[in-house]
Structures are given as structure tokens and as C-alpha cells.
Amino acid sequence: MNKHMKTALEEAFKGMKDGDGGPFGAVIVKNNEIVAAAHNKVLATNDPTMHAEIAAIRIASDKLGRFDLNDCEIYSTCQPCPMCLGAIFWAKIPKLYYGSDESDAEKIGFDDKFIYEAIRGGLENQNKLVIEKIDRKECLDVFNKWEKKQDKNMY
């Protein structure tokens, strides 16, 4: 077994044993060394975003002192959900390894299908979230000020 995936799996078992959240673990690796190891902590923190990948990204970013993790890899015990996949993209992590997939997660009660369907435009049939665009003109004001800001730091 891959040593980094083994560490991610150990994290998943630890989180599950401790009752911190679902059976998911992740590690972030730089130059073949683990920078961050984490497991799902949704229940421990009452934070629905505290998935293993998000927790690992937060730890790695803090430890490395930067948000750009383009020289790192991430190992996850399960195919990341849409939120985590988005975070991996935002962190600019160029390589993702995962063990189980979304259908395996669905079989044990972790179903993200409705999110994928919403992304493809099928949300109106879901009755999960009402989305309505309002006050665009007023909200664009902050974007216009950002565009003109001289000392902005793009990420």
C-alpha cells in the first residue's frame, strides 16, 4: 500500500474511532514528506465544511505560510466531494490520489449526487435549495472597487 495513502487511512480510522466525523482521511505531501494529515471533523467541530481534505489544506497552508500549494500532492481515502475538489483547485494542488469513489461513499450514506446535478443545472427539481439572483448592480460595486485597487494581491 502507498505509504501516504496508508497515513490518510489511519487518519480516517482515527476520526471514525473518536467520533469526529465520517470515515475520511487526507494527507498533503511535499517532496515526498507529509506536510499535513487530517480526518473528517464535521461532528467534532459542528462545521459542515470540515472535511478531511479541507482540514488538511488548512493545516498545510498554515504550516507552509501560503495559500498556493502548487508544489504539493493530496492523498484522500475517498474521491473528494465537490466542495473539497473546489478547494483542491483553489489551493492549486496539481495531483490528487484517492482510494474509494463516490459510489462507494453513496453506499454508506454519503451521497453527493444532488450537488453534481445542481452544478449541471438540475437543481430546480431537487427541492434542496432555492437560488435567486438579486441586486447584481449593487453587488458589482465591490468588484469595480477591487478592479481599481492598486495594492491588490491576486490569488
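This is a predicted model: local features need pLDDT of at least 70, side-chain atom pairs count only at pLDDT 80 or more; totals for chains, interfaces and linings use all residues.

Q: How many aromatic pairs does the structure hold?

A: A pair of aromatic rings is described by the distance of the centres and the angle of the planes. Rings of Phe, Tyr and Trp (its six-membered ring) pair if their centres lie within 6.5 Å, and planes under 30 degrees apart count as stacked, over 60 as edge-to-face and the rest as tilted. The structure holds three such aromatic pairs. In one of them, the ring centres of Phe 24 and Phe 110 are 4.9 Å apart and the planes stand at 85°, so this pair is edge-to-face.

Q: Where in the chain do Phe 24 and Phe 110 lie?

A: Helices (H or I, at least four residues) and strands (E, at least two) are DSSP runs, numbered from the N terminus. Phe 24 is in the loop between helix H1 (3-18) and strand E1 (25-30), and Phe 110 is in the loop between helix H5 (102-107) and helix H6 (113-119), so that the pair links distant parts of the chain, 86 residues apart.

Q: Are Phe 24 and Phe 110 buried, partly exposed or exposed?

A: Buried means under 20% relative accessible area, exposed over 50%, and partly exposed in between (1.4 Å probe, protein chains only). Phe 24 is buried, with a relative accessible area of 14%, whereas Phe 110, at 34%, is partly exposed.

Q: What is the geometry of the aromatic pair of Phe 67 and Tyr 155?

A: Phe 67 and Tyr 155 are edge-to-face, with 5.8 Å from centre to centre and 70° between the planes. Phe 67 lies in the loop between helix H3 (52-64) and strand E3 (72-78), and Tyr 155 in the segment after helix H7 (136-148), so the pair ties together parts that are 88 residues apart in sequence. Phe 67 counts as partly exposed at 43% relative accessibility, and Tyr 155 counts as exposed at 65%.

Q: How many salt bridges are there by the rule?

A: A salt bridge is a side-chain nitrogen of Lys or Arg within 4 Å of a carboxyl oxygen of Asp or Glu. The count by this rule comes to eight. One of them joins the side chains of Lys 30 and Asp 71 at 3.6 Å, N to O. Lys 30 lies in strand E1 and Asp 71 in the loop between H3 and E3, so this bridge ties together parts that are 41 residues apart in sequence.

Q: Where do Asp 141 and Lys 145 lie?

A: Both lie in helix H7, four residues apart, which is about one turn of the helix, and the closest N and O atoms of their salt bridge are 3.0 Å apart. Asp 141 is partly exposed, with a relative accessible area of 37%, while Lys 145 counts as exposed at 52%.

Q: Which residues are linked in a network of salt bridges?

A: Lys 14, Lys 17 and Asp 18 are linked in such a network, and within it the side chains of Asp 18 and Lys 17 meet at 3.2 Å, N to O.

Q: In helix H4, which residues are buried?

A: Helix H4 covers residues 82-90, and Pro 82, Cys 84, Ala 87 and Ile 88 are its buried residues. They pack against H3, E3, strand E4 (95-100) and H6, where contact means heavy atoms within 4.5 Å.

How values were computed. Residues are numbered from 1 along each chain as its sequence is written. Side-chain values use heavy atoms; hydrogens and water are left out.
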